[in-house]
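The questions below ask what stands behind the names given to parts of a structure, and each answer sets a value against its definition.

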Amino acid sequence: MAGDIHPKKVLLKTKSWMDTEHRVILNVGGIRHETYSHVLKKIPATRLSRLTPNTANYDPVLNEYFFDRHPGVFSMIMNYYRTGKLHYPTNVCGPLFEEELEFWGLDANQVEPCCWMTYTQHRDTQETLAVIESLDLDGDPPSQEEIAKKFGWEDDFHSGSLSQWQRLKPRVWSLFDEPYSSKYARAISCISVAFILVSTCSFILKTDPSFQIPDIDVFYSLRVVDENGFKNYHKTIGTDKPVTSPHPNFFYVDLICNIWFTFELFIRSIFCPSFHKFVRSPLTIIDVVSTGAFFFESLLHAILIQTGSLVTLDFLSMICVLRLFKLTQHFSGLKILIQTFKASAQELSLLVFFVVLAIVIFAALVYYAERSQLNKDNQFTSIPLGLWWSLVTISTVGFGDMVPKTYLGMLVGSLCALMGVLTIALPVPVIVSNFSNLYSHSQARGKLPKKRRRVLQAHEVKPMHLGVKSHHGKHRKKSSSATFNQPPANFKNANGGPPNHDNSAAKLMA
């Protein structure tokens with residue numbers, strides 16, 4: 001019949017109506033996305049899976065959900081709902097991507113393996129920046145608020161009740177600990193570096209024979225000579241040079257340097273922010289031990305003159321060389337270098353493990369290889385001697401004091417040398433990469449502006465906007481924004497009721 005409706009057309013119309021009913025329009029950052037409600041429910045317990053027309057983001061006029069979020073990231077999130085695979089956009093910073101995932105209620109650990117390395121690079125960058133922040137490489141002096149926070153006086157600073165001691169202590173501490181805080185701090189830093197270099201040079205030069213004074217012992221002897229029944233007495237004088245000692249002027253140079261180090265240590269211990277942290281600092285321990293070793297050596301020099309005691313005292317003076325580590329306070333490059341070795345500790349320990357393993361193996365191999373043939377000049381009489389040869393060969397030093405003579409021993413030596421080159425070369429790129437990473441980030445961080453423009457938060461904008469409204473309403477200034485002004489409190493509408501608080505959007509639409 002002509003009036004009958006075909007079943008297929010009815011099915012198509014019903015299907016089209018159902019698609020329209022279950023279709024969801026999402027407006028994210030001005031870009032519209034269309035999908036179905038069952039697609040959004042694929043991942044339960046998320047923001048999109050709980051969308052209803054009762055939510056505040058729903059616009060009944062446009063029949064869409066509006067979210068003021070990053071549209072580029074949402075494209076990947078929408079694709080995650082459709083395909084079940086979460087990929088990382090390469091044109092978005094990692095923290096921003098994590099913030100968007102947290103807003104939509106998604107787990108960042110669901111990123112696909114192909115994007116995981118790229119995605120996690122920002123975490124390594126944040127860790128590197130945290131390390132640089134702890135190194136305190138800033139050339140600019142800290143603010144007064146930062147100084148008060150460092151000493152634990154935030155409350156007194158904000159209340160304005162800082163005492164004279166609280167004002168003096170940070171100033172003196174910055175003179176001796178922060179070389180870039182002022183020109184006086186730079187001068188004290190130069191003086192400290194000069195004393196460190198003079199002390200080190202004095203320790204080196206006083207071991208040179210040109211600056212050594214021999215301790216000469218003069219002795220007398222009496223001989224009796226019997227010639228033809230007559231006794232003659234012959235007196236002889238002899239000299240002996242048992243030991244040599246440095247020139248006495250070196251003692252005065254070291255004394256002046258250690259007086260400065262003691263004064264600096266005393267001032268820093270009094271004006272430090274935290275005495276417990278200051279005492280546990282490695283540089284403080286080095287300073288205390290070096291200064292104590294010098295005065296202990298000087299005291300024993302005045303009491304003991306024996307040779308054995310002098311050898312022990314010379315050994316104690318070696319501790320003064322450790323003061324070179326104090327230069328890390330004045331040069332940021334040394335801090336980065338030390339931090340590089342800390343960051344590469346795992347690779348360095350792995351290198352040491354493989355080197356020790358190879359040393360033991362090749363020491364045993366060369367010992368038995370040299371005994372495999374008749375060898376009169378065999379130098380590898382034990383495996384411990386082979387350990388020394390293996391260490392020298394693997395480290396590519398090659399003193400040549402021990403050399404294998406048999407063909408089998410030469411083969412073992414060749415393999416040992418090749419193993420050393422490969423083993424040592426493997427962790428070097430990792431160490432170089434860590435240093436380059438730290439250095440580049442420190443240089444980039446140093447070029448950033450110290451003061452950034454403040455961006456108001458959402459909870460700060462609304463009260464300020466309301467304050468502007470009341471201000472305009474009070475003065476009743478007529479302008480193009482007069483529709484935004486609120487009526488006064490005693491105003492009544494035509495029906496005698498309370499005033500109408502319609503927003504500007506509703507007035508404009510009316």
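Q: At what angle do helix H9 and helix H10 pack, and how far apart are their axes?
A: In this predicted model, where local features need pLDDT of at least 70, side-chain atom pairs count only at pLDDT 80 or more and totals for chains, interfaces and linings use all residues, helix H9 (residues 164-177) and helix H10 (residues 183-205) pack at about 45°, with their axes 7 Å apart. Residues are numbered from 1 along each chain as its sequence is written, and side-chain values use heavy atoms, with hydrogens and water left out. Helices are DSSP runs of H or I with at least four residues, strands are runs of E with at least two, and both are numbered from the N terminus. Axes are lines fitted to C-alpha atoms, for helices over the stretch in contact, and angles run from 0 to 180 degrees between N-to-C directions.

Q: Why are H9 and H10 called oblique to each other?
A: Angles under 35 degrees count as roughly parallel, over 145 as roughly antiparallel, 65 to 115 as roughly perpendicular and the rest as oblique; the angle of H9 with H10 is about 45°, and the two helices are therefore oblique.

Q: Which residues of H9 and H10 meet?
A: Contact means heavy atoms within 4.5 Å, and Ser174, Leu175 and Phe176 in H9 meet Tyr184, Ala185 and Ile188 in H10. The residues of this contact divide into five nonpolar, one polar and no charged, where Ala, Val, Leu, Ile, Met, Phe, Trp, Tyr, Cys and Pro count as nonpolar, Asp, Glu, Lys and Arg as charged, and the others, Gly among them, as polar.

Q: Why are H16 and H18 described as roughly antiparallel to each other?
A: Helix H16 (residues 345-370) and helix H18 (residues 407-425) pack at an angle of about 175°, with their axes 9 Å apart, and they are therefore roughly antiparallel. By class, their contact has 14 nonpolar, two polar and one charged residues.

Q: Which residues does UniProt annotate as "transmembrane region"?
A: The unreviewed UniProt entry gives that annotation to residues 310-327, 348-369, 381-400 and 407-432; positions are in the numbering used here, feature names are shortened, and annotations may be inferred rather than shown by experiment. In the model, residues 348-369 are 100% helix and 0% strand, with the end C-alpha atoms 31 Å apart, while residues 407-432 are 92% helix and 0% strand, with the end C-alpha atoms 39 Å apart.

Q: How many bridges pair strand S1 with strand S2, and in what sense?
A: Two strands pair if DSSP finds at least two bridges between them, and S1 (residues 23-28) and S2 (residues 31-36) pair in the antiparallel sense over six bridges. The two strands form a hairpin with two residues between them, and Gly29 in the turn has a positive phi of about 65°.

Q: What is the order of the strands in the open sheet?
A: The four strands come in the order S2-S1-S4-S3, and the pairing is mixed: S1 and S4 run parallel, joined by three bridges, whereas S3 and S4 pair in the antiparallel sense over two bridges.

Q: What makes the pair of Glu64 and Arg32 a salt bridge?
A: A salt bridge is a side-chain nitrogen of Lys or Arg within 4 Å of a carboxyl oxygen of Asp or Glu, and the closest N and O atoms of Glu64 and Arg32 are 3.5 Å apart. Glu64 lies in strand S4 (residues 64-67) and Arg32 in strand S2, so the pair ties together parts that are 32 residues apart in sequence.
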